[in-house]
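This briefing covers one protein chain. Please look over the sequence and the model before reading the notes.

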Amino acid sequence: MRRIITKICRNCRDPFQPKPQARKVQKYCSRKACQQVRRQRKYRRWIADPAHKAAHQERLRLWAQKYPRYWRHYRATHPNYVLEDKYRRAASLKRQRMFRKATDWQQIAVDRLKAIQTSYPPSCSAKPTDLARRVDSVVEYLRWTVEGRLFRKATGIANIGGSAG
Ligand SMILES: [Zn+2]
């Protein structure tokens with residue numbers, strides 16, 4: 001007979017007994033809320049992977065090729081969907097524009113900080129004062145934060161060192 005094992009749920013941190021058929025892989029208890037979180041996290045991981053996203057889009061494309069009249073028919077028979085889709089697309093476009101705007105602003109911030117650093121290099125005086133050192137480190141820190149944010153956006157890394165698995 002197998003011994004009963006107890007695990008800690010990754011969401012609610014409560015102990016739980018995994019289902020026998022999934023005792024090795026189950027990481028969340030069977031509570032509805034915890035299962036919802038599990039599915040959400042799985043989906044986020046999946047969607048963040050460019051390879052999966054490309055494969056998914058390719059499948060969709062092939063399916064649409066196979067049934068070319070499906071969406072035309074669906075749209076003709078579902079006027080509410082057409083309206084919702086219109087708003088959804090408009091909202092998506094707006095988000096994209098705002099994202100681009102934010103990225104532009106961050107790029108401007110990086111350029112200005114770089115300009116400060118190049119026009120006042122740290123070695124401009126033989127013995128920098130504490131105040132000069134502090135200003136230098138503040139500029140350095142600002143550049144690091146803004147550039148880091150830009151880099152994460154460009155590479156699509158949502159959070160480094162987040163929960164894996
Ligand atoms: Zn739980």
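What percentage of the 165 residues of the protein chain count as buried? The figure is 2%. The model is a predicted one, with 5 helices and 2 strands in the protein chain.

**Fold and contacts**
- The order of elements along the sequence is β-β-α-α-α-α-α.
- Of the contacts between residues at least 6 apart in sequence, 33% join residues at least 24 apart.

**Helix α4**
- Helix α4 takes in residues 79-119, 41 residues in total.
- From first C-alpha to last, α4 reaches 60 Å, close to the 60 Å expected at 1.5 Å a residue.
- α4 is hardly covered, with a buried count of 1 among its 41 residues.

**Packing of α4 with α5**
- The axes of α4 and α5 lie 9 Å apart, and the two helices pack at an angle of about 145 degrees.
- The crossing of α4 past α5 is left-handed.
- On the α4 side, the contact includes Thr103, Val110, Leu113 and Ile116; on the α5 side, it includes Val139, Leu142, Val146 and Leu150.
- By class, this contact of α4 with α5 has 8 nonpolar, 4 polar and 4 charged residues.

**Confidence**
- Mean pLDDT for the protein chain is 85, and 90% of its residues reach 70 or more.
- Strand β2 (residues 15-16) has the highest confidence, at 95, and helix α5 (residues 130-155) the lowest, at a mean of 84.
- Over residues 159-165 pLDDT stays under 50, and the model has 0 contacts beyond four places in sequence for them.
- Where pLDDT is low, predicted coordinates should not be read in detail.

Methods:
Residues are numbered from 1 along each chain as its sequence is written. This is a predicted model: local features need pLDDT of at least 70, side-chain atom pairs count only at pLDDT 80 or more; totals for chains, interfaces and linings use all residues. Helices (H or I, at least four residues) and strands (E, at least two) are DSSP runs, numbered from the N terminus. A residue is buried if 20 or more other C-beta atoms lie within 10 Å of its own, exposed if 12 or fewer, and partly exposed in between; C-beta atoms are placed from the backbone. Two residues are in contact if their C-beta atoms, placed from the backbone, lie within 7 Å. The expected span of a helix is 1.5 Å times one less than its number of residues. pLDDT is the predictor's confidence in each residue, from 0 to 100. Axes are lines fitted to C-alpha atoms, for helices over the stretch in contact, and angles run from 0 to 180 degrees between N-to-C directions. A crossing is left-handed if the near helix is turned anticlockwise from the far one by less than a right angle, and right-handed if clockwise. Ala, Val, Leu, Ile, Met, Phe, Trp, Tyr, Cys and Pro count as nonpolar, Asp, Glu, Lys and Arg as charged, and the others, Gly among them, as polar.
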